[in-house]
Amino acid sequence: MTSVLIERSKTGVLLGCTAKGHAGYAERGSDIVCSAVTVLIRTTLQVLSELPALNLETDTSKRGSIGFKVLKGFPSGIEEKLKYAGDFLQVGLESVAKEFPDNLKLVINSL
């Protein structure tokens with residue numbers, strides 16, 4: 001099972017996301033659940049990495065694991081984009097978790 005943790009502020013700002021494990025829906029390299037999770041997280045990470053003055057800490061060093069954290073000190077104008085990115089990521093992952101509850105465990109922490 002893949003476990004995903006999304007961290008958001010109480011106001012909805014995306015603060016980070018980590019995913020670990022193999023979903024187990026199909027063989028590695030052919031698993032649609034793993035692919036969906038990866039695409040959602042990588043797309044969010046790509047969009048965030050293109051925002052000016054936003055510093056991210058990323059971890060893509062191991063196969064079967066991906067994560068990022070938004071570092072403190074970002075400009076206030078970026079807050080709305082971080083909220084939208086959080087909504088995009090959360091809604092997408094909730095949809096996958098609903099369709100494949102035996103393969104994806106999603107936890108959302110509000111800090």
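## Residues, rings and the sheet

Leaving aside its neighbours within four places in sequence, S110 is in contact with R8, S9 and K10, where contact means heavy atoms within 4.5 Å. This is a predicted model, in which local features need pLDDT of at least 70 and side-chain atom pairs count only at pLDDT 80 or more, while totals for chains, interfaces and linings use all residues. Residues are numbered from 1 along each chain as its sequence is written, and side-chain values use heavy atoms, with hydrogens and water left out.

S110 belongs to strand β5, residues 104-110; helices (H or I, at least four residues) and strands (E, at least two) are DSSP runs, numbered from the N terminus. The C-alpha atoms of S110 and T58 are separated by 20 Å, and the two residues are 52 apart along the chain. Another serine, S65, is placed in strand β4, residues 65-70, and touches A19, K20, D59 and T60 when residues up to four places away in sequence are not counted.

The table gives relative accessible areas, for which buried means under 20%, exposed over 50% and partly exposed in between (1.4 Å probe, protein chains only).

| Residue | Relative accessible area | Class |
|---|---|---|
| A53 | 53% | exposed |
| S110 | 47% | partly exposed |
| Y25 | 46% | partly exposed |
| S65 | 18% | buried |
| F100 | 14% | buried |

A53 lies in the loop between α1 (32-49) and β3 (56-59), and it has a positive phi of about 65° although it is not a glycine. Most residues other than glycine have a negative phi.

How many aromatic pairs does a search of the whole structure find? The search finds one, where rings of Phe, Tyr and Trp (its six-membered ring) pair if their centres lie within 6.5 Å, and planes under 30 degrees apart count as stacked, over 60 as edge-to-face and the rest as tilted. The ring centres of Y25 and F100 are 5.1 Å apart and the planes are at 80°, so this pair is edge-to-face. The pair links distant parts of the chain, 75 residues apart, with Y25 in the loop between β2 (14-20) and α1 and F100 in the loop between α2 (79-99) and β5.

Five strands form an open sheet with mixed pairing, in the order β3-β4-β2-β1-β5; two strands pair if DSSP finds at least two bridges between them. The edge strands, β3 and β5, each pair on one side only. Strand β1 (residues 2-8) pairs with β2 in the antiparallel sense over six bridges, and V4 has A19 in β2 as its bridge partner.
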